[in-house]
Amino acid sequence: MNLAHRRLCSSARWAARVEHDLLPWALEGMGLGDDALEVGPGFGATTRVLAERVPHLSVIEIDEASALGLQRDLGDRVRVLHGDATRIPDPDGSYDSVLSFTMLHHVPSPTHQEQVFAEAFRVLRPGGTFAGSDSLASLRFRFLHLHDTMVIVDPVKLPSRLAAVGFIEPRVSTSTRSFRFSARRPATA
C-alpha cells in the first residue's frame with residue numbers, strides 16, 4: 001500500500017466506519033460459526049470487530065509488518081498467520097466461514113484472486129460461507145491507489161467466478177462505493 005492508503009486504513013476514522021457501517025452491512029443476517037478465517041486483514045480494523053463476534057478467529061496476512069503488528073496487538077485473542085491467501089497453510093475444512101474485506105483489489109491479478117477463492121473454498125467446512133466486501137471503481141478510489149496494487153473485482157462477474165471454483169448460491173449487492181458478497185460451499189460433495 002502507498003503512504004496515503006496506509007494512513008487511511010490505520011486511522012481511527014476508518015476503524016469507526018468499519019465497525020459501524022461496513023461490517024454490519026457486509027455481514028447483515030449472516031452467521032459466521034465458531035471458527036472463522038479472515039484473509040488480508042491489513043492493520044486489523046475489521047479483525048478487532050470480528051474478534052468480538054467469532055469465538056475462534058484466525059487471520060492470514062501477507063505483509064510481514066502488518067502480521068507482526070496484529071500478533072502484538074491481538075495475538076491473545078486471534079491466531080495470526082503470516083502468509084499468502086493463495087496458499088493457506090491450514091487443512092481442508094478448517095473453518096465455518098472465510099472473510100475478506102476491502103482486500104481483493106490488492107491481489108495482483110484475476111488469476112491470483114481466483115486462487116484466493118479456491119483456497120477459501122478448500123479450507124471451508126461443508127456448508128461454510130465465504131463472504132466479504134470490496135470497493136467499486138471510482139476516480140477517488142484510483143487516486144488512493146496511485147503506485148499501489150489495484151485489480152478491481154467486477155461485482156457483475158464475481159458470482160460466476162465464485163461458482164467456477166465450486167461455490168453455490170453466490171450473492172452480490174452494491175452500495176454507492178462498495179459491494180458485498182457471499183457464497184457457500186455445498187453441504188455435501
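In this predicted model, helix α4, which spans residues 64-74, lies across strands β2 (56-61) and β3, and α4 runs at about 160° to β3. Within α4, the residues S66, A67, G69, L70 and L74 are buried. Seen down the axis of the helix, these buried residues of α4 fall within an arc of 160°, so they line one face of the helix. What do the buried residues of α4 pack against? Their partners are α3 (45-53), β2 and β3. The face of α4 that is turned away from this buried side carries the exposed residues E64, A65, L68 and R72.

**The sheet**

The strands that α4 lies across, β2 and β3, belong to an open sheet of seven strands, whose order is β3-β2-β1-β4-β5-β7-β6 and whose pairing is mixed. Which strands stand at the edges of this sheet? They are β3 (78-82) and β6, and each has a single partner strand, so one side of each is left without a neighbour in the sheet. From one strand to the next, the twist averages 15°.

Further along the order of the sheet, strand β4, made up of residues 95-101, pairs with β5 in the parallel sense, and six bridges join the two. Along this pairing, S100 stands opposite G132 in β5, while F101 stands opposite S133 in β5. Strand β5 is mostly covered, since nine of its 12 residues are buried.

In general, the side chains of a regular strand alternate between the two faces of the sheet.

**The aromatic rings**

The structure holds five aromatic pairs, and two of them, which share F130, are set out in the table below.

| Pair | Centre to centre | Angle between planes | Kind |
|---|---|---|---|
| F117 and F130 | 6.1 Å | 55° | tilted |
| F130 and F167 | 5.5 Å | 20° | stacked |

Are F117 and F130 buried or exposed? Both F117 and F130 are buried.

The rings of F130 and F167 have their centres 5.5 Å apart and their planes at 20°, so this pair is stacked. The pair also links distant parts of the chain, with F130 in strand β5 and F167 in the loop between α7 (158-164) and β6 (168-174), 37 residues apart. F167, like F130, is buried.

Beyond these two examples, ring pairs link F117, F121, F130, F167, F179 and F181 into a cluster. One member of this cluster, F121, also has a charged group over its ring, for the charged end of R185 sits there at 4.7 Å from the ring centre.

**Single residues**

A few individual residues complete the picture. P159 lies in helix α7, and at 23% relative accessibility P159 counts as partly exposed. If its neighbours within four places in sequence are left aside, P159 is in contact with P170 and V172. P159 and S182 are 23 residues apart in sequence, and the distance between them in space is 9.0 Å, C-alpha to C-alpha.

Which value does phi take in T102? Phi of T102 is near 45°, which is a positive value in a residue other than glycine, and T102 is found in the loop between β4 and α5. E169, for its part, has a phi near 50°, again a positive value in a residue other than glycine. E169 is found in strand β6, and at 38% relative accessibility E169 counts as partly exposed.

Definitions and conventions. Residues numbered from 1 in each chain as written. Predicted model: local features only at pLDDT ≥ 70, side-chain atom pairs only at ≥ 80, totals over all residues. Heavy atoms only, no water. Phe/Tyr/Trp six-rings, centres within 6.5 Å; stacked < 30°, edge-to-face > 60°. Buried < 20%, exposed > 50% of the residue type's maximum accessible area, 1.4 Å probe, protein only. Helix = DSSP H or I, 4+ residues; strand = E, 2+ residues; numbered from the N terminus. Lys NZ or Arg CZ within 6 Å of the ring centre and 35° of its normal. Pairing = 2+ DSSP bridges. Axes fitted to C-alpha atoms, helices over the stretch in contact; angles between N-to-C directions. Contact = heavy atoms within 4.5 Å. Arc of directions from axis to C-beta.
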